[in-house]
Amino acid sequence: MFEGLQEKLSRAFKVLSGKGKITEKNIQEAIKIVKLSLLEADVNYKVVKKFIEDVKRIALGEEVLRSLTPDQMFIKIVKDELIKIMGEKAPLKIVHNPSYIMLVGLQGSGKTTTVAKLANFLKRKGKNPILIAADTYRPAAIDQLITLGNKISVPVFTGDRKNPVKIVKKAVESVKNSGYDVVILDTAGRLHIDDEMMKELEEIKSLTNPDEILFVVDAMAGQDAVNSAKTFNQRLDVSGFVITKMDGDARGGVILSIRYVTNKPVKFIGVGEKIEDFEEFYPDRIAGRILG
Ligand code: GDP
């Protein structure tokens, strides 16, 4: 994860190593390398612009702490800015009982897998979740969810295999007063965003009044993923994101851009294919991994 970005950023830090202090001249070169590293990692250009302006202002404005060398100081500034750009840690909101959590996303993003990962995570926290299989679009999705539900001993509500809105209506009725406190919904994705899918999701949203609508996004999909996150957010007013496949060779573009572009937080990351490969999102840990 982040190998390329890490290696390139370390070149920027080397520029300042052995220097007595940060000057306009030496910082210029280091900043240029940081800028290129971020652009090559597929970070949104607006994010890069803001990042660079802030780092430069802080680096030139701040006295170098006596305990730190200029390169250590610069690393600290870059780290603080990485954390800032990813936003603060935002907890999962569970208000209603039962609390509905809708997972939405494009096909292949890891949505169905994430439904099970999240249920497993909540079960470990003492919740009593149930899943609703409402992805009627991808043929194998319902059976995949049933298998995953069995693995973690969480029930899966299925129904009419053609009409997701009908499934959800029935599920809402049967979940009432059933003792399940969290209801996680797997919804249908498409290969590309289309109006029919959005309308269906809007309808499911109004039927369930969810505490969370999480857009599941594949870290490998780069700025395309950030653009679809923007569109989903405009239509559905999502509450946050789950970034999957962070174990692959994702370059960093998605995780470093999505918060700034949409103003919505990342809540979880997927770090592998197994059900346990799922973590809460801590911006400082990610910044630490980026800097190595
Ligand atoms: P959906 O179409 O969005 O429901 O996608 P799936 O849940 O079926 O996932 C698509 C593929 O991505 C499957 O092969 C999953 O095992 C895989 N996948 C999901 N999340 C992760 C992850 O965090 N890391 C890795 N390496 N693979 C993942």
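Leaving aside residues up to four places away in sequence, Ser228 touches Leu106, Ile193 and Phe215, where contact means heavy atoms within 4.5 Å. The model is a predicted one, so local features need pLDDT of at least 70 and side-chain atom pairs count only at pLDDT 80 or more, while totals for chains, interfaces and linings use all residues. Residues are numbered from 1 along each chain as its sequence is written, and side-chain values use heavy atoms, with hydrogens and water left out.

Ser228 sits in helix 9 (residues 222-236); helices here are DSSP runs of H or I with at least four residues, strands are runs of E with at least two, and both are numbered from the N terminus. With a relative accessible area of 9%, Ser228 is buried (buried is under 20%, exposed over 50%, partly exposed in between, using a 1.4 Å probe and protein chains only). Val226 belongs to helix 9 too, and at a relative accessible area of 0% Val226 is buried. What does Val226 touch, not counting residues up to four places away in sequence? The list is Gly253, Val254, Ser257, Ile258 and Val261.

On the helix 8 side, the contact is made by Asp195, Met197, Met198, Lys199, Leu201, Glu202 and Lys205, and on the helix 9 side by Thr231, Phe232, Arg235 and Leu236.

Elsewhere, Asp284 is found in helix 11 (residues 283-291) and counts as partly exposed, at 42% relative accessibility. Not counting residues up to four places away in sequence, Asp284 touches Lys79 and Ile83. The C-alpha atoms of Asp284 and Glu88 are separated by 9.1 Å, although the pair is 196 residues apart along the chain.
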